[in-house]
Every structure is written in C-alpha cells, then in structure tokens.
Number of protein chains: 2
Amino acid sequence: MSGPRTPEPALDGQGASPPGSQDEDMADGTQHSHRMLSFSDALLSIIATVMILPVTHTEISPEQEFDKSVQKLLATRIAVYLMTFLIVTAAWAAHTRLFQVVGKIDDTLALLNLACMMTITFLPFTFSLMVAFPEVPLGILLFCVCVMAVGAVQALIVVYAFHFPHLLSPQIERSAHRALYRQHIVGIILRGPALCLAAAGFSLFFYPVSYLLMATVVFLPYVSKAAGWCRARLVGPREPPARSLEIFTFDLHEPLSKERVEAFSDGVYAIVATLLILDICEDNVPDSKDVKEKFRGSLVAALGASGPHFLAYFGSFATVGLLWFAHHSLFLHIRKATQPMGLLNTLSLAFVGGLPLAYQQTSAFARRPHDELESVRVSCAIIFFASIFQFAIWTTALLQEGETLQPSARFGGREHAFMFAKLVLYPCASLLAFACTCVLSRFSTAIFHAMQIAVPFAFLVLRLLVRLALAGLRGLRGLARPVPGAADDAQSPLLPAPC
Amino acid sequence: MSGPRTPEPALDGQGASPPGSQDEDMADGTQHSHRMLSFSDALLSIIATVMILPVTHTEISPEQEFDKSVQKLLATRIAVYLMTFLIVTAAWAAHTRLFQVVGKIDDTLALLNLACMMTITFLPFTFSLMVAFPEVPLGILLFCVCVMAVGAVQALIVVYAFHFPHLLSPQIERSAHRALYRQHIVGIILRGPALCLAAAGFSLFFYPVSYLLMATVVFLPYVSKAAGWCRARLVGPREPPARSLEIFTFDLHEPLSKERVEAFSDGVYAIVATLLILDICEDNVPDSKDVKEKFRGSLVAALGASGPHFLAYFGSFATVGLLWFAHHSLFLHIRKATQPMGLLNTLSLAFVGGLPLAYQQTSAFARRPHDELESVRVSCAIIFFASIFQFAIWTTALLQEGETLQPSARFGGREHAFMFAKLVLYPCASLLAFACTCVLSRFSTAIFHAMQIAVPFAFLVLRLLVRLALAGLRGLRGLARPVPGAADDAQSPLLPAPC
C-alpha cells in the first residue's frame with residue numbers, strides 16, 4: 001500500500017494507484033480484493049435498480065384515463081421496486097461487512113463470490129413472483145431458497161478464509177480469539193437463512209407469518225440497532241463483554257466502507273442515468289415504412305413526434321448527473337459512513353431510481369393538461385425526496401462532525417458554506433417548482449422546464465455566488481473590526497448553521 | 001498517495017485506500033479525479049453494450065423460418081452493435097488520455113465532464129438512425145453534431161485545466177513547454193470534430209464520403225499507429241524531435257491507464273451478466289389470468305414453460321462471470337496495458353457483449369432441432385472468440401514481458417503455467433463443444449449443457465490440477481538430476497511456451 005511503485009507515475013491513473021505489494025502477495029496465490037469488490041458493487045447496483053423497468057414500461061394508452069386499475073398496477077410495481085431495492089441493499093451491506101473481515105482473496109473465494117452474486121441477482125424475480133401471486137407459496141419458497149443459498153455460500157467463504165488465515169484482515173489474523181470470531185461471524189451470517197427456513201416452513205400452511213419473517217430478515221440490522229438504542233436509553237449502556245473491543249469488523253452497527261458506498265452509489269447513478277437511452281435506442285428509431293406513410297418521407301417530422309422522449313432523456317440525465325455531482329462533492333468531505341448515513345443514502349438512491357419513471361411520465365402525458373400537472377408534481381416530489389435525503393446525510397454527518405467529516409467541511413470550515421449551498425439547491429428548486437405549479441397550474445410544464453435549465457447553470461456559478469456572498473460577509477466583518485491576516489481559514493464562522 | 005492515513009485501517013476497504021492528501025487538496029477547491037473517472041467508466045461501458053438489446057429483442061415467431069429477412073435484420077443490428085461498441089470505446093480511450101493529462105478536477109471540470117458524458121450517451125441513437133436510414137443525411141448530421149459537441153467540451157476542459165495549472169498532472173505542470181503542450185493536445189482533440197465537420201458538409205450532397213470520414217474518426221489511432229509502423233519499417237525510425245521525450249501523456253500510442261481498462265471492462269461484464277435478468281424480471285413473471293386458463297392454476301407449470309429462459313440466464317451469467325474471472329486473473333499479473341492489448345481487450349469485450357444474444361437464441365429455438373444446432377454453434381463461436389482474444393492479450397503481453405507483466409507471470413514464473421491454463425480453458429472447451437456438435441449433431445444441446453456445467457468445476461480444481469502436473473514434472477526432473485532447495489521460484493522453466 002505504498003503508492004506508485006512503477007517507474008511511470010504519471011501514466012497509471014491519478015490518486016488511486018494499485019496496491020504496492022501486489023506481486024509479493026500473488027506469490028502465495030492471494031490477491032487484493034479491490035477489483036472483485038468493485039465488480040460486485042456494479043452487479044448489485046444494477047440488480048437493485050432493475051425493477052424500475054416494469055414500472056417505467058407500464059403502458060397507458062392515450063385514450064385510457066389514469067384510473068384506479070392503472071393506479072393499482074403502478075402502485076404494486078412501485079412497491080416491488082422499493083422492496084427489491086431494500087433487499088438488494090441489505091444483501092450488499094452484508095457483503096460489504098463480509099469482505100471487511102476477509103481482507104484478501106484467492107481464486108476459490110473469487111469463484112464463491114461469483115456464485116453468491118448469481119444467487120443474489122435472482123432475488124428480484126422471486127420478489128416479483130411473490131407480488132404477482134401473493135397467496136401461492138412458490139414465490140416465498142424460491143425467495144427463501146435464494147437467501148439460504150446466499151447464506152450457505154457466505155458461510156463457506158468465512159470458513160474457508162478462517163482455514164487459511166492469511167486471507168483475513170490483518171487485525172483478525174493476528175488476534176488470539178480467532179476461533180471465537182469465526183463462530184460469531186458464522187452465527188450472524190446464518191441468522192437470515194435460519195429465519196428464511198422458518199418462513200419457508202410457514203409458507204406451506206400459513207403464509208402471512210412468512211412475510212413477517214422475511215420482513216424481519218430485511219430490517220434485522222435496523223431493528224437490532226433500534227432495540228439496542230432503546231435498551232441503552234432505558235437501562236443505561238450495556239456493560240461491554242471482555243472481548244468486545246476486538247469484535248468490531250463484523251458488528252452490524254459499524255460504519256460501512258466508504259469506498260464501497262461510493263462504488264455502489266456510482267453504479268446506481270450510472271444505470272439510472274442511462275435507463276432512458278436504452279428505451280430510446282430500442283423504441284424511438286422510426287420504422288422506414290412509418291416514415292413513408294405517416295410523415296411523407298420526412299425523417300425530421302418522424303423524430304419530432306418522439307421529441308418529448310428525447311427531452312425527457314436529457315432532463316433525466318441532467319438531473320441524475322447533478323445529483324451524482326452533489327453526492328460526489330458530499331462524499332469527498334466525508335471520512336466514514338455511519339449506519340444512519342448509509343440508510344439515508346439508500347433512501348436517496350431509491351428515489352433516484354424513480355427519476356426515469358417521473359420523466360417518462362412527463363413525456364407520456366404531454367398532451368393532456370390535467371395528467372401533465374400530476375406528473376410534473378410527481379417529478380418534483382421525487383427530485384425533492386432524492387435530494388433532501390442527500391441533505392439529511394450531510395446534517396447527520398454534522399452531528400458527529402469530528403468523526404465523520406473532513407476539517408474543511410465542518411462548521412466554520414472553508415468549504416462548509418459551499419457544501420451547504422450545493423446540497424440545498426435541488427430541494428429548494430424542486431419545492432419552488434412544486435409551489436409554482438400549485439399557483440400557476442396552467443404553466444406547469446414551462447415551470448418544470450425552466451427549473452431543468454436553470455439548475456445546471458446555478459451549479460456552474462454556485463462557487464462564484466457563494467464566494468461573492470462570503471466576500472460580502474467578510475467585508476462587512478472587516479469594516480466592523482479590522483483583523484490582521486484575513487486570508488486564514490477554518491476559523492471564521494462563515495454562515496449560520498443549516499436549519 | 002501515501003496509503004492509509006485514517007486511524008481505522010481495517011475499516012476503509014482493503015488495498016485501495018483513498019488518496020492521502022485529500023483534505024489539503026480540497027483546501028484549494030480541487031479534488032482527486034478517481035471517483036469521477038469510475039463513474040464515467042460505468043456510464044460508457046453501459047452505453048457501449050446497450051445496442052445489444054435490439055439484437056436480443058429481435059422477435060422470431062416459432063412459425064417463422066430463420067429466413068433471409070430475419071437474417072438480414074439480425075445482421076444489421078449486430079453491425080450497429082459492433083460499430084457502436086467501437087465508437088464508444090474510442091471515445092472512452094480519448095477520455096482516458098484526456099484525464100491522464102488533467103490530474104485533478106474541480107467542480108467546473110466535473111460538470112463539464114457530465115456534459116461530455118451526456119453527449120456521448122446519445123451517440124448510439126444517432127448510429128442506429130444512420131443504419132435504419134442510410135441515405136438520409138439526418139443521422140450523419142446528428143452524429144457529427146454529437147462528436148463536435150464532445151470535442152468542444154473536451155477542448156474546453158483542456159483550456160480550463162491549462163488556465164489553472166494545479167489541475168494538470170504533475171509532470172506537465174512542472175514542464176517549461178506548457179503552452180506547446182496545450183496547443184498539441186487541443187490539436188489532437190479537435191482532429192475528430194474537424195473530420196466530422198467535413199463529413200457533415202459532404203452528407204448534404206454526397207454521403208458515401210461522409211461514411212468514409214466517420215470511419216477515419218473511429219480508426220484514427222489505429223491508422224496512425226499502423227502508418228507509423230510502416231514508415232519505421234520503410235525508412236527507419238524517425239528522428240525524435242527535441243521535445244518529444246516530454247510529449248508522452250497524450251500520445252495516442254501510449255499505454256492506457258490499467259486501472260481504467262479494468263473499470264471499463266468491469267462495467268461491460270456487469271451489465272452483460274445482468275442483461276438477461278432484466279428481460280426475465282419483465283417478461284417471465286406469468287400473468288395470473290394465463291396461469292388460471294392455460295396452466296389450470298399451477299404456477300409451477302407456468303414457470304416450467306419459461307424454464308429455458310432461466311437456464312439461459314444462469315448459463316449466460318456463469319459464462320460471463322468466469323470470463324470476468326479469467327480477465328481479473330490476467331490483469332492482476334499485468335503491469336500496464338499497451339495499445340495492442342487495449343485493442344484486443346475491446347474485441348474480447350465486444351464478443352462478451354454478444355453472449356446474452358447467443359444464450360437467448362439457445363432458449364428461443366429449444367424446440368426445433370435444426371435451429372438449435374445452429375444457435376449452439378453460434379454460442380460456442382462467441383465464447384471462443386471472447387476467450388481467444390483474452391488469450392491473445394496474454395500472448396501479446398508475453399512478447400514484451402519485462403515491461404508488461406509481473407515477474408511471477410513471466411516465462412518460468414511460478415504463476416505462468418497456471419495463468420496459461422486459466423486462459424486456455426474456455427477456448428479449448430468451446431472448440432471441443434463445437435467439434436462435438438459437428439460429429440454428434442443430435443446431442444448438441446446436451447453437449448452444450450455439459451460444457452456449461454463442466455467448465456466452472458474445472459476452474460475450481462484448476463489450481464489443484466496444475467499443481468499436480470507441476471509436482472509431477474518437478475518429481476521427474478528431481479529424479480533426473482537432484483538439485484538442493486527445490487522450493488525456489490522464478491527459475492524453473494515449468495511448461496513449454498504457449499503456442
């Protein structure tokens with residue numbers, strides 16, 4: 001881990017050079033797990049967002065009203081999407097924790113991990129089966145089989161890694177309590193599959209219990225966290241057991257690896273940003289017959305007919321891109337991601353996944369003013385929630401700023417005000433647009449498009465604006481009481497605290 | 001770049017710790033570009049593979065013969081896919097080179113990069129428009145506008161970075177010839193857009209010239225490389241100009257950043273591995289009406305009807321996963337990726353992108369023996385080409401092993417034989433399966449499934465097999481002439497050179 005080691009430092013990527021002692025490691029058949037984890041992150045983020053596709057592809061013919069049956073169908077599909085997202089995110093978090101224990105990999109572990117991934121990618125299907133046929137036990141059974149298979153593979157990974165301790169993270173490798181660790185970790189891993197075994201049993205004669213048990217699997221970390229917090233409140237903090245200082249890496253309440261949170265989020269943003277172009281490439285290339293018959297041979301006219309789709313694509317890409325940009329800026333200033341921050345990030349990403357839906361609705365209803373108003377409002381609401389959860393990550397981080405934030409982003413740091421402005425831009429803009437549509441409902445599309453165009457420009461000149469504002473503040477303060485050396489940093493309380 | 005700096009080294013991911021001097025950098029508003037580049041890689045790899053979707057979704061009804069018109073449609077769509085893949089890969093390579101010059105980013109550069117990405121993601125659409133309407137200039141015009149927009153944004157990025165030299169890579173920042181660099185780099189960047197401007201002009205009155213010019217844009221790096229090589233052969237190596245030693249980072253013939261080659265490949269493998277589950281989640285959840293009417297309420301029977309699709313999914317995922325595994329092992333031993341290796345990698349990835357198509361064909365034609373044979377053969381051929389190009393990367397690397405490979409993977413290194421076995425497994429298996437289908441055409445499906453099941457197990461026991469073989473060889477050698485200290489490495493020529 002000693003930075004650039006090859007003779008051409010400028011050529012091998014900036015900032016994140018490959019780990020130094022690579023070849024020495026490979027001598028005993030082990031490898032750093034970095035690339036395998038990135039690949040797993042990419043797979044899991046794609047799988048987490050895939051269930052938005054049935055939602056976006058819900059077809060509503062122009063004649064049909066946006067009636068009860070369509071609403072029910074949409075609501076069901078959105079529920080499937082959100083549940084899938086939560087389940088896959090829970091699986092991803094477990095995977096992250098597992099590979100915080102297993103520090104290096106060899107070929108067997110890489111292959112086992114692939115098997116694990118393959119099983120996880122099948123979860124969304126079992127889930128949509130459950131929703132389509134809630135009273136048939138098959139969906140539940142398949143889901144439980146998947147979870148048990150994933151658990152078995154993960155337990156195998158742990159047992160294998162403990163059998164070859166040089167694969168473990170250095171702190172566990174050196175620990176005297178290794179056998180205890182193994183027991184503890186395998187126990188945590190097998191908790192979910194055990195619950196699922198019970199759920200599978202119940203599904204055969206009384207399925208509601210199964211759903212309850214499955215919900216427990218997904219929300220287990222949060223439930224146990226909440227229970228611990230309540231207990232601490234009621235009877236005071238529990239006396240830590242003798243070896244608890246060492247059991248840190250697999251504790252469900254420990255912070256996630258910040259790097260993997262970023263990689264997972266990047267995957268979600270990337271697939272969401274491109275979801276609409278997938279549709280456009282497939283559906284919006286006009287048929288040559290159609291062009292001849294309907295548009296008298298004019299390709300421009302034919303493309304113009306699907307113009308709203310292109311607009312929707314650019315709008316959706318720009319919004320997702322800028323939300324990624326805000327996320328990127330935020331995580332540059334974050335040192336580690338605690339569990340509440342991880343949960344808020346998941347919620348934000350779940351709404352980001354809904355963006356293509358919102359934009360497609362905007363284009364689908366473009367002709368009828370009433371539905372248009374509705375879909376513009378839905379779009380504003382989705383953008384608002386996606387961005388307000390980002391903002392919530394920031395405020396949560398500020399609560400423990402010493403631990404979680406870089407010095408420059410803390411209260412009074414020189415980037416604090418700017419970061420605040422970046423994160424508050426989208427919530428404000430979407431709220432404003434929403435409010436405007438309530439007052440000027442006839443111009444809702446125009447308002448929405450104006451927001452779409454204005455926000456990117458606002459981001460471009462944001463630093464300038466914030467600097468101007470700060471310079472103004474500094475100037476005022478300088479007039480009030482002249483201090484020597486005004487060019488210092490990390491001292492002046494530049495802005496009031498975010499509400 | 002000084003490795004882990006935070007107090008909890010075991011928690012922040014293994015191997016690739018965030019760059020050390022992060023907070024100091026942020027003090028002047030700059031950031032390391034690592035995460036932005038990963039995000040761009042993810043976007044571009046998704047876009048590169050997206051055009052396989054129209055190919056996989058080509059509907060062939062069971063009654064219809066696999067006749068000329070279908071073949072022509074398929075061929076056209078495959079051509080679009082391959083051309084899109086090459087174009088996006090060329091854009092990705094240019095992007096990689098650009099950010100080898102620009103070492104750090106700030107907010108403006110991040111936003112400009114997003115604009116660049118948005119334009120690139122629109123390229124596949126213009127391309128499919130061109131193929132659908134080859135004689136209408138609109139497709140060409142849109143394509144050229146896109147390329148020119150990308151060029152303009154990239155030129156803007158370069159000019160901006162040279163205006164704030166602390167954003168440049170350290171070697172260029174310190175150079176005395178900075179102005180020359182800028183001129184040189186902007187010149188290279190604007191070459192493509194200039195050709196496209198000409199192409200756009202020609203498209204209005206004589207479009208074949210436009211296609212020629214556009215092909216030049218895509219193949220420019222390879223053409224100029226080949227021209228340089230021919231010239232060197234004919235008249236001897238050109239006398240290097242005085243400052244040529246310094247113009248290294250933007251030379252089109254320089255190696256690509258190995259990290260970004262890996263990230264781009266990971267994106268392609270991840271999206272390809274999950275392409276089929278996207279379809280399955282959307283199309284293969286049976287309708288509750290159908291289940292009642294066609295399958296007498298039996299969900300199992302309904303799912304059984306789409307059984308081949310699930311088999312195709314698992315087969316495709318396993319193959320893509322194992323090809324990723326071979327790629328991963330290969331790149332662990334590679335120190336840097338030269339241009340021919342990059343080209344071979346692109347070709348391998350292009351065939352990997354075709355895998356879902358092959359597997360879907362296998363499931364679609366499951367009922368008719370003739371077409372089945374054909375699609376099994378196509379699958380074998382695609383697997384063969386995807387894996388043989390991986391093998392070609394390895395042999396190309398061996399040609400300059402001192403520069404490109406880690407010591408343990410070179411001729412005689414202890415991982416050499418094992419690496420060879422890993423990369424040769426899939427080409428051999430697919431060739432064998434293909435040959436078997438020629439002899440035993442009636443059992444083609446059985447042969448194909450046997451291969452699918454056998455190869456993962458072969459990968460699992462490969463290390464064992466190679467070790468046994470090596471131990472046997474060593475034992476024989478030891479009998480021939482006893483040497484002291486047989487446990488040494490990097491000395492014994494373990495296996496004959498790969499053919």
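1. Contact here means heavy atoms within 4.5 Å, and by that rule Val153(A) touches Leu112(A) and Cys116(A), not counting residues up to four places away in sequence. The place of Val153(A) is in helix α7 (residues 137-163) of chain A, where helices (H or I, at least four residues) and strands (E, at least two) are DSSP runs, numbered from the N terminus. At 14% relative accessibility Val153(A) counts as buried, a word that stands for under 20% relative accessible area, with exposed for over 50% and partly exposed in between (1.4 Å probe, protein chains only). Between Val153(A) and Ile383(A) there are 230 residues in sequence and, from C-alpha to C-alpha, 38 Å in space.

2. A word on how to read the model: it is predicted, so local features need pLDDT of at least 70 and side-chain atom pairs count only at pLDDT 80 or more, while totals for chains, interfaces and linings use all residues. Residues are numbered from 1 along each chain as its sequence is written, chains are lettered from A and ligands numbered from 1 in the order in which they are written, and side-chain values use heavy atoms, with hydrogens and water left out.

3. The secondary structure of chain A comes to 19 helices and 2 strands. Of the 499 residues in chain A, 55% are buried, and among its contacts with a separation of 6 or more, 78% join residues 24 or more positions apart.

4. Which residues touch the most other members of the largest nonpolar core? In this core of 291 residues they are Phe143(A), Trp394(A), Phe143(B) and Trp394(B), a nonpolar core being a set of buried Ala, Val, Leu, Ile, Met, Phe, Trp, Tyr and Cys residues joined through side-chain atoms within 4.5 Å. Leaving aside neighbours within four places in sequence, Trp394(B) is in contact with residues including Leu330(B), His416(B) and Phe420(B).

5. Is Leu464(A) buried or exposed? Leu464(A), which is found in helix α19 (residues 444-480) of chain A, is exposed, with a relative accessible area of 58%.

6. Chain A can be laid on chain B with an RMSD of 0.0 Å by a turn of 180° and a shift of 0.0 Å along the axis, the copies being superposed by least squares on the C-alpha atoms of residues with pLDDT of at least 70 in both. The two copies are thus related as by a two-fold rotation axis. Because 100% of the interface residues of chain A are also interface residues in chain B, the copies meet through the same surface.
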